[in-house]
Amino acid sequence: MRFTGVRTAHAVIAPLVAVPLALGAFAPHVYAQAPTPSPTGTFGPDCSELPRSGGGSVAAMAEQKVADAAAGSRQLAQLTAALKQARLDDTLNRSDNITLFAPTNHAFNSLSEAQRDALLNDPERLKKVLTYHVVDADVTPSELPNGSFKTLEGSQLTTSGSGTSFKVNNTADIVCGNITTANATVYLIDGLLTPPD
């Protein structure tokens, strides 16, 4: 009889121990979140506005120097005019491995007409503003999440964000990025950057 009691005790205790162990299988697992990978190729909401072929397309821009590539893009018509007025188009075309944070027509149109005229009619200030949009290095998408870059103007600009959503100086959005030209990488931005005083 004593044997039977011990066996019964073991039979009762074993399931009580097994149940919490089995419930452990249902405990939530915590996985480390992988960092968002850097985009490859062009990215951003306004990339769809680039033509699929011909002037202004990604393929056409890849064959041209940066100022010439900008001149072929409808989105960069006002930037192109400003570069010519500041006599920077040839300078950019002669440079190698640069990055242009290119303000779109929308960026220029966000200024009032008086502000735009004042900028375009002040050659020294115009050159300072435009060279603040150029980094003398090839900025890759992997550097954008927490970037700080010296510009041709001499001051720093910063980039932040993740995935395919990035800002420059916390003010301008990159609306189409990682466009390759013959001598530069281009990121279209929807705001005009102002160099620090």
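Strand 6 (residues 172-180) is largely enclosed by the rest of the structure, because 7 of its 9 residues are buried (buried meaning under 20% relative accessible area with a 1.4 Å probe, protein chains only). Strands here are DSSP runs of E of at least two residues and helices are runs of H or I of at least four, numbered from the N terminus. The model is predicted, with local features needing pLDDT of at least 70 and side-chain atom pairs pLDDT 80 or more, while totals for chains, interfaces and linings use all residues. Residues are numbered from 1 along each chain, and side-chain values use heavy atoms, without hydrogens and water.

Strand 6 runs antiparallel to strand 5 (residues 165-168), to which 2 bridges join it (pairing requires at least two DSSP bridges). Lys167 stands opposite Asp173 of strand 6. The hairpin of strand 5 and strand 6 has 3 residues between the strands, and Asn169 takes a positive phi near 55° in this hairpin. With strand 7 (residues 184-189), strand 6 forms an antiparallel pair over 4 bridges, and a hairpin of 3 residues connects strand 6 to strand 7. Thr180 is placed opposite Thr185 in strand 7.

Thr151 lies in the loop between strand 3 (146-150) and strand 4 (156-162). Thr151 is buried, at a relative accessible area of 4%. Leaving aside residues up to four places away in sequence, Thr151 touches Thr131, Tyr132, Val134, Val135 and Leu157 (contact meaning heavy atoms within 4.5 Å).

Note on methods
Buried means under 20% relative accessible area, exposed over 50%, partly exposed in between (1.4 Å probe, protein chains only).
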